[in-house]
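Thanks, everyone, for making the time this morning.

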Amino acid sequence: MTQQFSFQATENTGMLYLVPTPIGNLEDITFRAVRILQEAEYILAEDSRQTKKLTQHYQIDTPLESYHEHNKRQKQEKILQWLTEGRQVAMVSDAGTPLVSDPGDELVQECIAHGIPVVPLPGASALLPALTASGLGGGGFYFHGFLPRKKKDIRTVLHQLPSGVPIVLYESPYRLLGTIHFLYEEWGDVPAVVARELTKKYEEFVRGTLLEAAAAFEDRDIKGECVLIVEKPVSDESEEEDHGPMEEEVRKYVEAGASSKEAIKKTAQRRNVKKQEVYAAYHGLNKS
């Protein structure tokens with residue numbers, strides 16, 4: 001639950017600026033973003049060491065204040081006090097646009113609740129460059145960001161994602177291969193694109209299918225943050241119907257040519273339940 005503070009906006013209330021920063025190439029910042037960072041009285045930085053590289057490059061001497069996932073509750077009261085006193089505060093993430101898979105949502109909500117203006121600036125983000133150059137863009141898409149860490153939670157998220165449109169995920173280089181393999185197990189060899197090191201010297205796009213993406217990164221020391229774009233398969237019409245009891249649905253898949261193991265797995269995925277539950281229903285283990 002969001003913690004509420006007792007500050008009230010006044011005529012002298014300051015502004016919270018959400019300032020995108022480059023995702024790699026330091027030239028990818030707007031003139032307005034540089035000006036705001038220069039004019040602000042404080043810059044809230046997810047990692048002040050990372051942000052300092054940017055401020056030194058553009059000769060910005062505005063004081064940096066750390067604000068991240070682990071200290072946000074302790075810092076929030078002080079930040080709100082600054083704003084109600086009329087101070088101008090800029091918030092940045094390590095790279096890209098604040099609040100896009102980065103902390104800051106609670107502070108924005110508090111500012112809105114207390115009538116403090118929140119001013120978003122347009123700018124760099126890994127999402128759109130990856131999508132536009134992927135070969136899968138040009139229409140609707142769904143952005144999710146980082147997947148959970150536990151397979152059970154990932155499977156729940158995948159079940160909720162829409163079919164038939166590109167799905168944009170963020171992933172660390174250490175988890176990329178594992179995520180690709182897991183998606184293949186769940187969805188099969190669907191179209192996929194990996195964009196890595198965007199805007200940097202070793203920018204790379206791997207386009208094809210999940211298996212082709214896995215092969216491209218196998219036995220490699222993967223570096224840099226990655227964007228994974230994948231198309232969830234569209235269920236056929238028969239899968240969207242109400243199949244009644246689980247055991248009947250399994251039998252329909254078996255009659256269509258699937259093995260009992262494949263049929264149980266497919267039924268469990270469609271219904272978002274454990275395979276053991278479907279197995280027990282199919283083999284009548286729940287009956288007295």
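How many nonpolar, polar and charged residues does the lining of the second largest pocket have, by class? Before I answer, please keep in mind that what you are looking at is a predicted model. The answer is twelve nonpolar, six polar and nine charged residues in that lining. The space in this second largest pocket comes to about 690 Å³, and of the 27 residues that line it, Ala95, Phe146, Tyr170, Glu225 and Cys226 lie nearest the centre. Two elements give two or more residues to this lining, namely strand S7, residues 166-171, and strand S10, residues 226-231.

Let me turn to the largest pocket, which holds about 1,100 Å³ of space. Its lining is made by 30 residues, and those nearest the centre are Glu186, Lys265, Lys266, Gln269 and Arg270. Here the elements that give two or more residues to the lining are helices: H6 (151-160), H7 (176-187), H9 (237-240), H11 (260-271) and H12 (275-282). H11 provides the largest share, with eight residues. Sorted by class, the lining of the largest pocket has 14 charged residues, alongside eight polar and eight nonpolar ones.

Now to the sheet. Five strands form an open sheet with parallel pairing, and if you read across it the order is S3-S2-S4-S1-S5. Strand S3, residues 64-66, and strand S5, residues 118-120, each have a single partner strand, and they therefore stand at the edges with one side left without a neighbour in the sheet. From one strand to the next, the twist averages 25 degrees.

Within that order, I would point you to strand S1, residues 15-18, and strand S4, residues 88-92, which pair in the parallel sense over four bridges.

Helix H1, residues 31-39, lies across S1, S2 (42-45), S4 and S5, and runs at about 125 degrees to S4. Helix H3, residues 72-84, lies across S1, S2, S3 and S4, and its direction makes an angle of about 145 degrees with S3. That is where I will stop, and I am happy to go back to any of these views.

Definitions and conventions:
Residues are numbered from 1 along each chain as its sequence is written. This is a predicted model: local features need pLDDT of at least 70, side-chain atom pairs count only at pLDDT 80 or more; totals for chains, interfaces and linings use all residues. Side-chain values use heavy atoms; hydrogens and water are left out. Two strands pair if DSSP finds at least two bridges between them. Axes are lines fitted to C-alpha atoms, for helices over the stretch in contact, and angles run from 0 to 180 degrees between N-to-C directions. Contact means heavy atoms within 4.5 Å. On a 1 Å grid over the protein atoms alone, a cavity is a set of points where a 1.4 Å probe fits but cannot get out, and a pocket is an open set with protein on both sides within 12 Å along at least five of seven lines; lining residues have an atom within 4 Å of a point. Grid points are joined across faces, edges and corners, and a volume is the space filled by probe spheres set on the points. Ala, Val, Leu, Ile, Met, Phe, Trp, Tyr, Cys and Pro count as nonpolar, Asp, Glu, Lys and Arg as charged, and the others, Gly among them, as polar.
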